[in-house]
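These notebook entries set down what I looked up in the structure shown below.

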Amino acid sequence: MGIGVAGLVGALTGAVIAAIGIVVTVVEGRRTRRNAEFSVHRDLWWQRWSWVADRALSADVTERERAALMAQALMTPAEPAGRPGRSRARRRRSDTRMITDEPDWRFKQRLGMLEMAWPRLLADPHYGPLMHSTGRVHLLDEFRQEWREREERARARRLRWEASVGEG
């Protein structure tokens, strides 16, 4: 019986050591993957901001506009990760709030800048694919849709005001 108990204890000890080895391997693998993702993220961040800085210091006005748009795009928060399959545009259409809280005249200025620079930014060999992969291609369409909503709300306010003036 002593040999059987010793064999059982040896087998249990080996199993515990193997389980500890698996846990350590998984934890170390996660840490390595997280460090690699951070390194790639940092390199992409540096590459994007150096592109912006390079274009911002350009003598060409369109290049500076591209840099301003890209800087704004880089500073806006990314899509929430917990909602796969549901695009930002679809969420906005179901939402009654506006995309921005700025006055109409300022929004119209930004829309004009977007309409001038956005197609060239999408055609850029560096940022075009990046914007396509992140779903930012539809940003101009979302701004145009918001402008139509703003115009409709302004028209409704004007009609309400005309009706109130006519009654009084």
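I classed a residue as buried when its relative accessible area is under 20%, as exposed when over 50%, and as partly exposed in between, with a 1.4 Å probe and protein chains only. The model is predicted, so I took local features only at pLDDT of at least 70 and side-chain atom pairs only at pLDDT 80 or more, while totals for chains, interfaces and linings use all residues. Residues are numbered from 1 along each chain as its sequence is written, and side-chain values use heavy atoms, with hydrogens and water left out.

**Entry 1: helix H5**

I took helices as DSSP runs (H or I, at least four residues), numbered from the N terminus. I looked up which residues of helix H5, residues 127–134, are buried, and found Tyr127, Gly128 and Met131. They lie on the same side of H5, because they cover an arc of only 105° around the axis; the arc is that of the directions from the helix axis to the C-beta atoms. I note the general rule that an α-helix has 3.6 residues a turn, so residues three or four places apart point the same way. On the other side of H5, I found His132 and Ser133 exposed.

I then asked what covers the buried residues of H5. The cover includes helix H1 (2–56), helix H2 (61–75) and helix H4 (104–123). After H5 comes Gly135, and I recorded its phi as positive, near 80°.

**Entry 2: Gly128**

Gly128 belongs to helix H5 and has a relative accessible area of 2%, which means that Gly128 is buried. I counted a contact where heavy atoms lie within 4.5 Å. Neighbours within four places in sequence aside, Gly128 is in contact with Leu121 and Leu122. I also noted a separation of 9.9 Å between the C-alpha atoms of Gly128 and Trp118, which are 10 residues apart along the chain.

**Entry 3: the largest nonpolar core**

I defined a nonpolar core as a set of buried Ala, Val, Leu, Ile, Met, Phe, Trp, Tyr and Cys residues joined through side-chain atoms within 4.5 Å. Which members of the largest core touch the most other members? I found Met70, Trp118, Leu121 and Met131, out of 20 residues. H1, H2, H4, H5 and helix H6 (139–167) each supply at least two residues of this core. H4 gives the largest share, seven residues. Not counting residues up to four places away in sequence, Met70 touches Trp51, Val52, Leu121, Tyr127 and Met131.

**Entry 4: salt bridges**

My criterion was a side-chain nitrogen of Lys or Arg within 4 Å of a carboxyl oxygen of Asp or Glu. Searching the whole structure, I found 13 salt bridges.

Arg110 and Glu102 form one of them, at 2.9 Å from N to O. Glu102 is buried, at 16% relative accessible area, whereas Arg110 is partly exposed, at 21%.

Glu115 pairs with Arg144, and their closest N and O atoms are 3.1 Å apart. This pair links distant parts of the chain, with Glu115 in helix H4 and Arg144 in helix H6, 29 residues apart. I recorded Glu115 as partly exposed at 35% and Arg144 as partly exposed at 32%.

Arg55 and Asp54 form a salt bridge with closest N and O atoms 3.3 Å apart. Arg55 counts as buried at 19%, and Asp54 is partly exposed at 49%. I traced a network of salt bridges that links Asp54, Arg55, Glu63, Arg66 and Asp124.
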